[in-house]
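Work through the exercises below with the model open. Try each task before reading its solution.

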Amino acid sequence: GKLYRHAPTETSQATLASVSPVFAVMKFDKEGNTTYFEKKKTELYQELGLQARDLRFQHVMSIATRNNRIIMRMEFLKAVITPEFLLILDYRNLSLEHWLLSQLASQLAGEGQLVTYSLPFEFRAIEAILQYWISKLQGRLNTLQPQILETLEALVDPKLLSVDRSKLHILLQNGKSLSELETDLKVFKETILEILDDEEVIEELCLSKWTDPQVFQESTSGIDHAEEMELLLENYYRQAEDLANEARELRVLIDDSESIIFINLDSHRNVMMRLNLQLTMGTFSVSLFGLIGVAFGMNLESSLEEDPRIFWLVTGIMFLGSGLIWRRLLSFLGRHLEPPLPPHVPPVLKKSQPAAGRVEIKNSLKADTFGLNRTLPNQ
């Protein structure tokens, strides 16, 4: 009976252990030393004193604290920060691995250009990760901006009678990438703003305050380290806000350029329609007076065909009549298509306007003199 009860339990534990995911972990200590290892999720969260859901990384971007641990997620970057070390999970990414090996270790050791090098370890770790993510967003914007400006410059050219579809395809792809960048910036700002609005979370991010209170007296600048954390997060929030403003300006530029493109196309379309209308009126004029030639071309006998001057007379009447009708139609078209003239201003109003202007100038001069009279005694 005992064997029957315990056997399923041991089997289920072995099954769970075999199914549990394995993390590829890169560990950084305070001196910047790096170690690599692989560990199952069950063993890792037990060593860190966390729950299994804490290492689930449900959100695309999040910063949370659990049991004196900071859990950060920046899309593909997953990190767990403690007062003594930093763990990067699932680091096997080409761009991420290059940053980990070339920059992160030196920044955590205080050799980089971080502002928080004199503060506890968690400050340096948080700033290094935020700086990396802001630099990634800045790099994406720097890549998109010249491409969008170059494409718009080629599309907005008023000399073009048609739009290059390849340029439109490039602009569509860049616009999609710009929308993704705006979404990432918005999520990043919202994540930072949620922390800035909650003082307790800012206090919890200062891990050394709970492990070694003597470390957290005051910084070299004379302010509390919780305020240092708030200033740190606000700094990167402002950088994200600046990037969002630049991306928004690009979006407005794309929308304005689309309007200009449509206006240019409408203008060229109107020119072609007007030319087509003029040719149609010319064809109508020639056809109208061409009926005379049709009448003379019938197989009917009359005394007019015997006179050699009749041919030139009829031909002249046809061309002259067609030209006169065409000119009349063109003048009619011009009167209805040209913009109306501005309304006529009566001479009385024209004379009164300078007088009103002189009165306003005199009043302004009086006001200035009164202002001088009031300020001179004070001076």
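This is a predicted model: local features need pLDDT of at least 70, side-chain atom pairs count only at pLDDT 80 or more; totals for chains, interfaces and linings use all residues.

**Exercise 1. The chain as a whole**

Task: Find how many helices and strands the protein chain has, and what share of its residues count as buried.

Solution: 
- Start with the elements. The protein chain holds 10 helices and 6 strands.
- Turn to burial. The chain has 379 residues, and 31% of them count as buried.
- Finish with contacts. Take those between residues at least 6 apart in sequence: 62% of them join residues at least 24 apart.

**Exercise 2. Ile 81**

Solution: 
- Check its surface. The cut-off for buried is under 20%.
- List its surroundings, leaving aside neighbours within four places in sequence. Ile 81 is in contact with Arg 69, Ile 70, Met 72, Leu 86, Glu 122, Ala 125, Ile 126, Ile 129 and Leu 207.
- Ile 71 is 10 residues from Ile 81 in sequence, and their C-alpha atoms are 6.5 Å apart.

**Exercise 3. A charged residue**

Task: Arg 73 is buried; which side chain of opposite charge is nearest, and how far away is it?

Solution: 
- Locate the residue. Arg 73 sits in strand β4, residues 70–74.
- Look for a partner. The nearest side chain of opposite charge is Glu 75, 7.8 Å away.
- Apply the cut-off. A salt bridge needs a side-chain nitrogen within 4 Å of a carboxyl oxygen. Arg 73 has no salt bridge.

**Exercise 4. Two helices**

Task: Describe how α4 and α5 are arranged relative to each other.

Solution: 
- Set the elements. Helix α4 covers residues 121–155 and helix α5 covers residues 165–196.
- Take the geometry. Their axes come within 10 Å and cross at roughly 150 degrees.
- Classify the angle. Angles over 145 degrees count as roughly antiparallel, so α4 and α5 are roughly antiparallel to each other.
- The crossing of α4 past α5 is left-handed.

**Exercise 5. Arg 328**

Task: Decide whether Arg 328 is buried or exposed.

Solution: 
- Locate the residue. Arg 328 lies in helix α9, residues 309–337.
- Compare with the cut-off. Exposed means over 50%. Arg 328 has a relative accessible area of 64%, so Arg 328 is exposed.
- Met 281 is 47 residues away along the chain, and the two C-alpha atoms are separated by 9.9 Å.

Terms used
Residues are numbered from 1 along each chain as its sequence is written. Side-chain values use heavy atoms; hydrogens and water are left out. Contact means heavy atoms within 4.5 Å. Helices (H or I, at least four residues) and strands (E, at least two) are DSSP runs, numbered from the N terminus. Buried means under 20% relative accessible area, exposed over 50%, partly exposed in between (1.4 Å probe, protein chains only). Lys and Arg count as positive and Asp and Glu as negative; His and the chain ends are not counted. Axes are lines fitted to C-alpha atoms, for helices over the stretch in contact, and angles run from 0 to 180 degrees between N-to-C directions. Angles under 35 degrees count as roughly parallel, over 145 as roughly antiparallel, 65 to 115 as roughly perpendicular and the rest as oblique. A crossing is left-handed if the near helix is turned anticlockwise from the far one by less than a right angle, and right-handed if clockwise.
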